[in-house]
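Please examine the sequence and the structure shown here, with attention to the aromatic side chains.

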Amino acid sequence: MATFLYRLGRWSFDRRKWVTLIWVAVLAVAGVLAAKAPAAPDDGFAMPGTEAQRAFDLMNERFPGGHADGAQARLVFVAPDGQKITAGPAKEAVDRTVAELAHAEQVTGAVDPFQAKAVSQDGTTAYATVSYSAKAGELSDGATAALEQAAQHGRDAGLKVEIGGTALLTKGEAGGSSEAIGMALSAVVLVITFGSLLAAGLPLLTALVGVGLGMALITALGSTLGLSTTTGTLAMMLGLAVGIDYAMFIVSRHRAELAEGRELREAAGRAVGTAGSAVVFAGLTVVIALAGLSVVNIPMLSKMGLAAAGTVVLAVLVALTLVPALLGFLGRRVLPRKARKGVVGKGDNGGARWARFVLRRPLAVLLGGVVGLGVLAAPALDLRMGLPGDESKPTSSTQRRAYDLLSEGFGPGFNGPLTLLVDVKGSPDPKAATDRVAKTVAGLPGVVAVTPPMFNPAGDTALVSAVPKTGPAEAATKDLVTAIRGHAGGLKAETGATVLVSGTTAMNIDVSQKLTDALPVYLAVVVGLAVLLLLLVFRSVLVPLKAALGFLLSVAAAIGAVVAVFQWGWLASLIGVEQTGPVMSMMPIFLVGVVFGLAMDYEVFLVTRIREGFVHGESPEEAIVTGFRHNARVVTAAAFIMIAVFAGFIGMSEPMIKMMGLGLAAAVAFDAFVVRMTIVPAVLALLGRRAWWLPRGLDRVLPDVDVEGSKLQDAAAPAPAPQREPARV
C-alpha cells in the first residue's frame, strides 16, 4: 500500500493544477445539486421493536386524524396569592386564553381545564392541553408566536402562566457558532504547532473542502435516501475533526522529509506513502465505528452513522490527493522561516524527552495511568440512563417553570402520564374489558389517577391515561411501567384485550433500555473489527489488544466523569448544571462511536511511526523515542483542537449539549494524554521486542500492507545505470 500511495502522492504533486480544479468542480457541482434539491423529509424518532412504538403506530392507525405524533403545549395557570383559579377574574382569564388558542394556527384542539377537571385540589393551579397538527420542532413561526402571545395575555390579566410540553421545541442545526469557535481555536493551535501561517491554513482549508462536499451530498441526496436535516450533525462534527487530523499528519510528515534534505516532489510522495497509509487505516477504524451504529437498529442513528462514515471517506480522499497537490503550490513556504534559511533545531524535542522519561520508569508510569483512570471510571458503575425532559432544563426557561408548577400543584407524575392503548378488537365485551384494565391499573401502587377510557369511532380501541406518583425520569416510574406490562398477559387471558403502554415517558424508558442492551453488542462489533484491522496494520497480536483495552479504559473514565457531574452533582454548579438526573441514554453510544474513531487515529499515527523505526533497524526503546520525536507534537495538537472544540459545548444552556461536550472533551483528553501518550509507551517499553510478536502461521496468512513504508527505499531509489559489457576481440 505504501508504494501505491507514494506514487499517488507524486502524481497529485505533479498534476496539482488538475487535482485542485477537479476537487473545486466536484464541490461546485455538489453545491448546485444541494441548492436545487427538494426539502429533506422528517424521519422522526422511530424505535422499531419496542412496545411504545407499536402502541404509537396502532394509535395512528385506529385514531385517524388524531395527530398522535403532533406537538403539544401544556399551559399552566396559577392564580394570584390568596385567590382561586376557579373563581372570578382568574377563571375568565383562563377561558379567554384557551379560547384564543383554540383558533390559532395549526391547533387541532385546546382542552378547557375546568371541563377536563385539570384543577389542583387547593384550587390554585390549572393546566390546559393544546394539540397541534405539526410535529415537535416543525411548528410555524405564527403558531409559536400565537402560543406565546396567548400566555402573555394571561400574565397581563394577573395570572402566572408558563408553557410546557413539546410545542416550543426547536431543532438544532448543523453549523453555527460552535463550529466557528472550533475553527478559530484550531487555527491558533495549528499556527503554534507548525510555526507557519500557510502550513496551518492548509489543514483547515482541506478539512472545509471535505466537510463542505459531504454536507452538500447529504443535502442533495436527502429526499432520495430519506436523510433528514439532523443527519448531517455528526457528519459535520467528525468530518471537521478527522479532516484536520489527517491533513495535519501528512503535512507534518512532508515537513520532516524536507528537513532530511529530500526535494519537494519526493517529500510529498513519501509523506503520502507513509503518513497516508496511517490515514487510510485510521479512517477505516472511524468508518467501522460509525457504520457499527446500525447494530443499534434505530433508523435515525443508522443514517447519522452512515452519513458521517461517508464524510470520513471523503476526508481520507482529500488528504491523499488534494493535500499533496496544495503542498506543490506552497513549495518550501510550508516550512517555518528559520527552516527555510537552513536553521534547524538540534537535540531532542519535548516528545522525545517525554518518551525517555517513560522509558526510565515504565512500570510506575503504567500503574499510575491505569489506577488514575480506574478511579475516574468508578462512578460509571452507578450509571443510570434516560432521556432528560423539562426537569433538566434551566430554571430560567418557561418549560422548567411549568414543570415545577405542575409538580407543586398536582404531583411530579403529572409531568409524565402513561398512555395505555387497549385493543379490544377480539374482546366479547369491549367496554367491560376496558373498565377492567382501568381498574387493575388504578389499583397498582404508584398510580395516582386513571382517566376514563376514550374509544375511537370504530369502538375497537380505547386510550386510558395513568398518572404515576413519581416523575418521568425516576426509577420508580420505570418500575411502574414494568408492572403494568407484567399484568398485560393476565388481562388478555381474562378479557381478551391487548394492553400496550406508550406515551413520552414510556417511549423514553424503552429507548434507554434498548440502547443499554445494544451497547455491549456495539462495543463487541466495533472493537472486534478494529482489533482485526490493527492486527493487519501493526502485524502484532499484543499492540491491537493494548489499543482496544486502553480505549475502553478512557471511555469508562469519561462516562465516570459525566456520572459524577450530571448524576451525582459534583462540581455541577461550575458549569451551570442546575438539576441532576440520569445520563442521556444516547450518550454512551455516541461517546463510544466518536471517541473510538479519534482514539484509533492517535493510536495509528503514533504507533506506526514507532513501528517504522523498529522495522528500519532501531531497538524497541530507540523506536519509541523516534516515534514520539516525530509524532507526539502532532498528536498533542490534534487532541488540543478536539478538546477545545468539544469543551466549547459545555457553555451551552441545553443540559444534553453540556453533557456531550463534557463527555467528549474528557474522553479525548484521557485517551490522548493518559492512554496514547503515557500508557502506550510504557507498555511497549515493558514488552520490548515481544510487542511486535506475531505467530508464524498468522504471519504467512496476513497480507503485508507495508504501512511503515519499508518498500519505499527501493521505490524511491533511482535505478543503477546499466554497465556496458566490454567489447569482445
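Predicted model: local features only at pLDDT ≥ 70, side-chain atom pairs only at ≥ 80, totals over all residues.

Residues are numbered from 1 along each chain as its sequence is written, and side-chain values use heavy atoms, with hydrogens and water left out.

A pair of aromatic rings is described by the distance of the centres and the angle of the planes. Rings of Phe, Tyr and Trp (its six-membered ring) pair if their centres lie within 6.5 Å; planes under 30 degrees apart count as stacked, over 60 as edge-to-face and the rest as tilted. The whole structure holds 10 aromatic pairs. In one of them, the centres of Phe-551 and Phe-596 are 4.8 Å apart and the planes stand at 80°, so this pair is edge-to-face. Phe-551 belongs to helix α19 (residues 542-567) and Phe-596 to helix α20 (residues 587-615), 45 residues apart; helices are DSSP runs of H or I with at least four residues, numbered from the N terminus. Both Phe-551 and Phe-596 are buried, that is, under 20% relative accessible area (1.4 Å probe, protein chains only).

Phe-614 and Trp-692 form a stacked pair, 5.9 Å centre to centre with 25° between the planes. Phe-614 lies in helix α20 and Trp-692 in the loop between α22 (655-687) and α23 (696-701), so the pair ties together parts 78 residues apart in sequence. Phe-614, at 18% relative accessibility, counts as buried, and Trp-692 is buried at 11%.

The charged end of Arg-16 sits over the ring of Phe-13, 5.0 Å from its centre; this requires CZ of Arg, or NZ of Lys, within 6 Å of the ring centre and within 35 degrees of the ring normal.

Technical notes. Helix = DSSP H or I, 4+ residues; strand = E, 2+ residues; numbered from the N terminus. Buried < 20%, exposed > 50% of the residue type's maximum accessible area, 1.4 Å probe, protein only.
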